[in-house]
Amino acid sequence: MKGGRVWIGAPWVWESGRWRKERWLLLERGKILKIASPGTFQAPRAGTSGADHFWFKKGALLPALVNAHAHLELGALCNKLPAGLPMPLWASALKREVALWGEEAGAIRAAAVREGAQSLLADGVGTLLDIGNSDASSSANRAGELGGLRLLFRQELIGWKGASKQLSDRKKELHKRAGKWDLDRAQPDVDGLSVHAPHSTHPNLIAAVAQDEALHRKLFTIHLAEGVEEGEFLTTGGGLWKEWFQQERIPTKIGGPWRDGWELLSKKIPHGPRTLLIHGNLLGERSLREIALNNVSIVHCPLSHHFF
């Protein structure tokens with residue numbers, strides 16, 4: 001490597017809030033000096049590898065350390081929820097703990113966001129995609145309280161009742177806050193919506209958000225195949241998630257049976273690297289092959305998976 005420098009390239013590179021086709025990163029001692037197109041700034045030709053350059057034939061690069069899935073506002077629950085619970089029982093425990101916050105909920109969320117941002121920055125994270133049900137991390141970012149962490153905020157949509165109204169209300173809220181509904185020029189802290197998961201969100205709501213994200217060239221994010229309970233619910237219509245929805249009086253009509261969440265989602269969401277499937281555990285070989293062939297991204301979360 002000449003002067004300790006090396007070129008790393010890929011078919012897609014995330015730069016300035018969008019995916020760029022065929023880019024090289026020039027690195028020196030772990031730092032990014034430049035992002036360049038093939039043939040510019042002495043960058044090598046696309047698809048080639050050598051002593052001082054390497055090209056990833058498939059996939060995408062996210063320059064700097066990127067955390068593509070977090071819930072900063074829930075950081076105050078660290079060490080307060082038991083590990084190893086089935087996901088529906090964990091959701092009930094989370095709901096009980098959050099209810100105890102009472103009138104202090106806003107202050108607790110805000111403190112958790114600031115502490116989480118500091119921890120991420122200390123670990124070298126430069127960009128974070130944060131998913132929230134409140135305004136906590138977005139407000140902290142607008143107030144300059146995240147210490148330089150670049151935040152991409154996603155308002156999460158979940159549930160079945162009033163799906164169209166839920167989408168309309170959230171879009172109006174984001175539109176008002178961001179100034180315009182356009183990722184390429186929007187505020188970096190408010191860039192879109194996220195639907196929770198195929199078993200917990202109305203299919204029409206998933207399709208509507210996916211269509212809107214694709215129209216405005218945004219990242220589409222959704223939790224998928226996080227645990228065995230989700231798979232049981234999608235394939236049989238029963239299990240702990242069914243019991244949880246009945247307990248919470250949430251109506252669900254997922255159709256099916258489905259072999260897994262990808263089969264349910266695959267015709268409702270855009271394909272390509274802008275789609276982020278969060279978790280992606282317990283998917284069958286057929287689904288994984290289809291995901292790979294369609295260049296859909298999977299955000300793996302090892303600490304979360306170890307917790308459950």
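Me: Why is the sulfur of Cys78 too far from the closest cysteine sulfur for a bond?

Reply: Happy to walk through it! This is a predicted model, and here the closest cysteine sulfur to that of Cys78 is in Cys301, 16 Å away. A disulfide needs two cysteine sulfur atoms within 2.5 Å, so 16 Å is too far for a bond. Cys301 is likewise in no disulfide, and a search of the whole structure finds zero of them.

Me: What makes Cys78 exposed or buried?

Reply: Its relative accessible area is 53%. Exposed means over 50%, so Cys78 is exposed.

Me: And how do you know whether Cys301 is buried or exposed?

Reply: The relative accessible area of Cys301 is 11%. Buried means under 20%, so Cys301 counts as buried.

Me: Which residues touch the most other members of the largest nonpolar core?

Reply: That core has 38 residues, and the ones touching the most other members are Val209, Phe220, Trp262, Ile269 and Leu277. Among the elements that each supply at least two residues are α4 (163-178), α5 (203-215) and β10 (220-224). The most comes from α1, which gives six residues.

Me: What is Trp262 in contact with, leaving aside its neighbours within four places in sequence?

Reply: Contact calls for heavy atoms within 4.5 Å. The partners of Trp262 include Leu224, Ile269, His271, Leu277 and Glu290.

Me: Which residues does the second, separate core include?

Reply: Ala70, Val125, Leu128 and Phe153 are included in that core, which has 13 residues.

How values were computed:
Residues are numbered from 1 along each chain as its sequence is written. This is a predicted model: local features need pLDDT of at least 70, side-chain atom pairs count only at pLDDT 80 or more; totals for chains, interfaces and linings use all residues. Side-chain values use heavy atoms; hydrogens and water are left out. A nonpolar core is a set of buried Ala, Val, Leu, Ile, Met, Phe, Trp, Tyr and Cys residues joined through side-chain atoms within 4.5 Å. Buried means under 20% relative accessible area, exposed over 50%, partly exposed in between (1.4 Å probe, protein chains only). Helices (H or I, at least four residues) and strands (E, at least two) are DSSP runs, numbered from the N terminus.
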